[in-house]
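Welcome, and please have a look at the model below before reading on. The notes after it are meant as a friendly guide to keep beside the 3D view.

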Amino acid sequence: MKDDALVAVVRRMAAGDVSALDTLYRQLERPLFGFIHSKLNDPFAAADILHEVFLEVWRGAAGFQDRSRVRTWVYAIAWRKVVDEFRARGRVTIQDEMPDRPDEGPSAFELLQTAEERDMLRDCLGGLKADHRAAIELTFLEDMSYREVAEVIGVPEGTVKTRVFHAKALLLRCLEAKMNRRVRA
Amino acid sequence: MTSTPFDKAKIAELVPFWVNGSLTDAEAEALAREFERDPALHAQVQAARQLRELMRASALPERSPGDFGLARLRRSVAEKARAPAALRQSAAAAAIAAAVTAGGFTLVGWGSSDEGYRQAAGPQPAAIFTVSVRDAAPHAAFADLLLANGLTIIDGPSALGFYRLALVGAAADSDIDAARSALEHASELLELVETAE
């Protein structure tokens, strides 16, 4: 469903149309759950947060501004709740500091064909800081622009571009290291 | 039109967004010129494209809450919608309590009809109106409206949020007309006013 159609859905929600909430839920529930779950690695907590996100969307529909895309607005609510959850768990890894820029190259992908190798990628993703992971997942899984990612995460656009760059480079480095260990083993 | 070439860092930062197709036309055109200028940049594009594909392929098919989550959401929304009605009911109770004090009525309980209460003295209610109260209406204002017009709640709120009101004590036609007029003029508090037969 295109964003114009989603805007119309949100307008219906603002008018109290519960069936519109159903429509929005069915459009966004799966990718949004995946986004939340990938940050928390806890399906129960992710389901609770998903629930809270849609409740907040329902309550806030009347205040939705056309300045944002619907998807960006909803993901931004989800991200804020994920950050709150991190804080509640004492897992505050939301930092702006960046590692040194590592070299990058495509060589790590040459062997990435099997399920085992996809597991490696998941391990590497799990090793990223939450803010880096959110940035690259919104970019590559949700295909958001850096402007949209910036709106979701609540940081400047330049920060998003830098985080995605570093996340990509760190993933490549991690994958290469895992590949090398496997070859030596 | 000429444009300032991007530096390498800027190109590297934009490549992921080139790959996901989210750059503006102007940004994409500028980046395309950079790729023509330096074919070695294609390796960066290829790396980003492969990483994107791998991430999409590696995303676990998580079992999302699905219909169960939707059912839970509907329940929560319905509960929140009922909450104002519950508050209205407490306001109604307050209004009745006030009416009891002022008019010498004895409330014997809530029911689905006029039998839910009886007067300790005097006749049964003289007239009945059906009203629905706006969500944003102050509870005290609703209670004041009833008291000022000799009205009391004899039933409600129903599942749809309707209250049935009666005039306290024996009432002349003029009293009924006055009460109806007062209710109809309280449109800031009431969404609907009907005279029940």
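Here is a short briefing, grouped by topic.

This is a predicted model, in which local features need pLDDT of at least 70, side-chain atom pairs count only at pLDDT 80 or more, and totals for chains, interfaces and linings use all residues. Residues are numbered from 1 along each chain as its sequence is written, while chains are lettered from A and ligands numbered from 1 in the order in which they are written.

**Chain A overall**

- Chain A has eight helices and zero strands, where helices (H or I, at least four residues) and strands (E, at least two) are DSSP runs numbered from the N terminus.
- Read from the N terminus, the order of elements in chain A is α-α-α-α-α-α-α-α.
- Of its 185 residues, 42% count as buried; a residue is buried if 20 or more other C-beta atoms lie within 10 Å of its own, exposed if 12 or fewer, and partly exposed in between, with C-beta atoms placed from the backbone.
- Among contacts in chain A between residues at least 6 apart in sequence, 69% join residues at least 24 apart; two residues are in contact if their C-beta atoms, placed from the backbone, lie within 7 Å.

**Around Ala78(A)**

- Neighbours within four places in sequence aside, Ala78(A) is in contact with Leu32(A), Phe35(A), Ile36(A), Ile49(A) and Val53(A).
- Glu52(A) counts as partly exposed because it has 18 C-beta neighbours inside 10 Å.

**Helix pairs in chain A**

- The axes of helix α2 (residues 18–40) of chain A and α4(A) come within 10 Å and cross at roughly 25° (axes are lines fitted to C-alpha atoms, for helices over the stretch in contact, and angles run from 0 to 180 degrees between N-to-C directions).
- That makes α2(A) roughly parallel to α4(A); angles under 35 degrees count as roughly parallel, over 145 as roughly antiparallel, 65 to 115 as roughly perpendicular and the rest as oblique.
- Residues in this contact include Leu32(A) and Phe35(A) of α2(A) and Val74(A) and Ala78(A) of α4(A).
- By class, the α2(A) and α4(A) contact has nine nonpolar, no polar and three charged residues; Ala, Val, Leu, Ile, Met, Phe, Trp, Tyr, Cys and Pro count as nonpolar, Asp, Glu, Lys and Arg as charged, and the others, Gly among them, as polar.
- Helix α6 (residues 130–140) and helix α7 (residues 146–153) of chain A have axes that come within 10 Å and cross at roughly 140°, and are therefore oblique to each other.
- Asp131(A), Ala134(A), Ala135(A), Leu138(A) and Thr139(A) in α6(A) meet Val149(A), Val152(A) and Ile153(A) in α7(A).

**Where the chains meet**

- The contact takes 30 residues from chain B and 38 residues from chain A.
- On the chain B side, α1 (8–19), α3 (42–58) and α4 (66–103) each give two or more residues, and α3(B) gives the most, with 12 residues.
- The chain B side divides into 15 nonpolar, nine polar and six charged residues.
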